[in-house]
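Subject: A structure for you to look at

Hello,

Here is the structure I promised to pass on. Please open it beside this email and follow along as you read.

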Amino acid sequence: MAIAALLMFIAPRLLSDYQLYTLNLALVNVLLAVGLNLVIGVSRQFALFTGALFGIGAYASALCQLHYGFSFIEALPVAIGAATLASAATSLVAWRAGGLYLAMITFGFGEIFQFILVHADQLTNGPDGLAVPRPVIAGTSFASPADLFLLFLPITAVAIYLYRVMERGRLGRMFVALGDSETALASIGYDPRMAKTIAFAIQGAYAGLAGAFFAAVVGFIDPYSFGLDVTLQQLTAIAVGGFGSLTGAVLGGVVLTLIDRVLIDFPGLRELGYGLCLLFVFLVFPGGLAGILSRGRSKR
């Protein structure tokens with residue numbers, strides 16, 4: 001929270017609009033990485049539909065504002081709720097399938113979602129996408145990157161804080177036990193199926209929030225912004241940051257955003273950059289960036 005307060009004071013005064021735009025995208029990626037880290041890094045459910053959940057949040061927020069006259073603040077809980085429900089419903093698959101089967105089924109969910117976005121022209125405007133209005137709250141427009149940063153940073157900080165509270169509590173221990181052994185979890189009185197559903201729902205909430213932020217930051221969404229590449233990018237983020245670590249998810253989301261922005265004008269090099277990051281981390285620092293920080297603290 002102290003870091004967030006410091007950033008709110010310093011960043012808008014020192015950084016350019018483009019740099020603040022990059023920071024806003026970093027907040028989006030941090031939220032996505034935190035949610036995915038819970039399902040894959042902690043609970044070890046190999047679900048590959050982060051891009052679809054992200055898209056549900058973005059489209060729910062955009063459609064509520066464009067078609068139903070919602071304000072951004074009114075559309076935000078709809079975006080979070082829609083992605084949460086979709087993710088919780090998909091978790092029913094995880095009740096019976098795991099590992100590669102779960103990965104393929106959730107991958108299929110993402111492909112179907114993208115197909116619907118492309119072909120539901122009347123609702124989504126198909127491949128042409130939608131122009132999304134900037135947030136207006138109490139008559140104040142949050143149109144510039146600096147305005148959006150000041151709006152989104154506190155919300156992201158609260159989301160990270162809530163995750164930390166959850167992680168240190170009973171729910172966090174349940175998810176760790178789920179990742180270690182479903183049989184052991186059941187033996188101490190927890191229902192592994194319900195644990196999976198809660199983990200998926202939480203991931204959906206974070207992805208829905210990220211989607212609403214993304215639509216507002218970029219001002220335009222189309223079906224191709226929410227494909228498998230988003231999921232793979234976030235997988236790379238939590239791998240680089242360190243699987244199972246909240247700090248790692250935050251660092252990974254920020255680092256991958258910076259790599260993405262630096263290499264955006266060099267087609268093909270972004271994927272190469274992600275690959276080199278993964279190789280470097282797995283070969284040199286298997287615990288990821290969070291592992292490096294942890295080693296540094298232990299040496300003090």
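A term to start with: the expected span of a helix is 1.5 Å times one less than its number of residues. Please keep in mind that this is a predicted model.

With that in hand, look at helix 11, which covers residues 228-241. From first C-alpha to last, its 14 residues reach 20 Å, close to the expected 20 Å. Is helix 11 mostly covered or mostly open? It is mostly covered, with 11 of its 14 residues buried. Among the buried ones are Val230, Gln233, Leu235 and Ile238. Just after the helix, Gly242 takes a positive phi of about 120°.

The largest pocket holds about 700 Å³ of space. Its lining has 21 residues, and Ile3, Ala4, Leu7, Ile160 and Val250 lie nearest the centre. Helices 1, 2, 7 and 12 each give two or more residues to this lining, and helix 7 gives the most, with eight. By type, the lining residues are 17 nonpolar, two polar and two charged.

The second largest pocket has a volume of about 560 Å³. Of its 23 lining residues, Asp229, Val230, Gln233, Asp260 and Arg270 are the closest to its centre. Which helix gives the most to this lining? Helix 11 does, with six residues. This lining divides into 12 nonpolar, six polar and five charged residues.

Happy exploring!

Terms used: Residues are numbered from 1 along each chain as its sequence is written. This is a predicted model: local features need pLDDT of at least 70, side-chain atom pairs count only at pLDDT 80 or more; totals for chains, interfaces and linings use all residues. Side-chain values use heavy atoms; hydrogens and water are left out. Helices (H or I, at least four residues) and strands (E, at least two) are DSSP runs, numbered from the N terminus. Buried means under 20% relative accessible area, exposed over 50%, partly exposed in between (1.4 Å probe, protein chains only). On a 1 Å grid over the protein atoms alone, a cavity is a set of points where a 1.4 Å probe fits but cannot get out, and a pocket is an open set with protein on both sides within 12 Å along at least five of seven lines; lining residues have an atom within 4 Å of a point. Grid points are joined across faces, edges and corners, and a volume is the space filled by probe spheres set on the points. Ala, Val, Leu, Ile, Met, Phe, Trp, Tyr, Cys and Pro count as nonpolar, Asp, Glu, Lys and Arg as charged, and the others, Gly among them, as polar.
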